[in-house]
Amino acid sequence: MEIISQASSIPDFEVVCLSRFDANEKEMLLRRVRAARRVGIDIETTGLDPLVNRIRLLQIAIVNESGEVEVQMIDALAAERAALASFVEELLSDARIEKIIHNAKFELSFFRQLIGRRTEVQGLFDTMLASQ
């Protein structure tokens, strides 16, 4: 196997870890996401079953005004559950924001559990489906 490194083509990015996610952080992050209009979303979970397991980490990749990528990492187990659920619901239902997710079916099943009900998802691009 040959590994090719093209570091010059990989954009710089900044990682911001939000260990305390509350209503204030939610509003700040929603403003940033709405300004970007396109985000990458990824989750890490404690297992594969959304009825038994939980989201452990929520990662949101945003391209800022200067073209740099900023990754917001939210510790979902330490976050205020109501603020996190509200953020996810508003993000998913906003048609103005393109959401890029790999294997969206899996991730949306965990989001539904977090929110506590089905949410109409707008503007979703699933990279797993696109690759088939």
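Reader: Which residues is the largest cavity lined by?
Author: The model is predicted, so local features need pLDDT of at least 70 and side-chain atom pairs count only at pLDDT 80 or more, while totals for chains, interfaces and linings use all residues. Residues are numbered from 1 along each chain as its sequence is written, and side-chain values use heavy atoms, with hydrogens and water left out. The lining is formed by Leu92, Leu108, Phe111, Arg112, Ile115, Arg117, Arg118, Thr119 and Val121. On a 1 Å grid over the protein atoms alone, a cavity is a set of points where a 1.4 Å probe fits but cannot get out, a pocket is an open set with protein on both sides within 12 Å along at least five of seven lines, and lining residues have an atom within 4 Å of a point.

Reader: Okay, and what volume does the largest cavity have?
Author: About 40 Å³, where volume is the space filled by probe spheres set on grid points joined across faces, edges and corners. In the whole structure, the search finds one cavity of 30 Å³ or more.

Reader: Where does the largest share of its lining come from?
Author: Helix 3 supplies that share, four residues; helices are DSSP runs (H or I, at least four residues) numbered from the N terminus. The cavity lining has five nonpolar, one polar and three charged residues, with Ala, Val, Leu, Ile, Met, Phe, Trp, Tyr, Cys and Pro counted as nonpolar, Asp, Glu, Lys and Arg as charged, and the others, Gly among them, as polar.

Reader: Switching to pockets, which residues are closest to the centre of the largest pocket?
Author: The largest pocket has a volume of about 180 Å³, and of the 14 residues lining it, Asn53, Arg54, Ile55, Arg81 and Leu114 are closest to its centre. Helix 3 gives the most to this lining, with three residues, and helix 2 and helix 3 each supply at least two. By class, the pocket lining divides into 10 nonpolar, two polar and two charged residues.

Reader: And how do helix 2 and helix 3 pack?
Author: Helix 2 (residues 81-93) and helix 3 (residues 104-115) pack at about 130 degrees, with their axes 9 Å apart. Arg81, Leu84, Ala85, Val88, Glu89 and Leu92 of helix 2 meet Leu108, Phe111, Gln113, Leu114 and Ile115 of helix 3, where contact means heavy atoms within 4.5 Å. That contact has eight nonpolar, one polar and two charged residues.

Reader: What about helix 1 and helix 2, at what angle do they cross?
Author: The axes of helix 1 (residues 23-36) and helix 2 cross at roughly 20 degrees and come within 9 Å; axes are lines fitted to C-alpha atoms, for helices over the stretch in contact, and angles run from 0 to 180 degrees between N-to-C directions. The contact is made by Ala23, Lys26, Leu29, Leu30, Val33 and Arg34 of helix 1 and by Ala83, Ser86, Phe87, Glu90 and Leu91 of helix 2.
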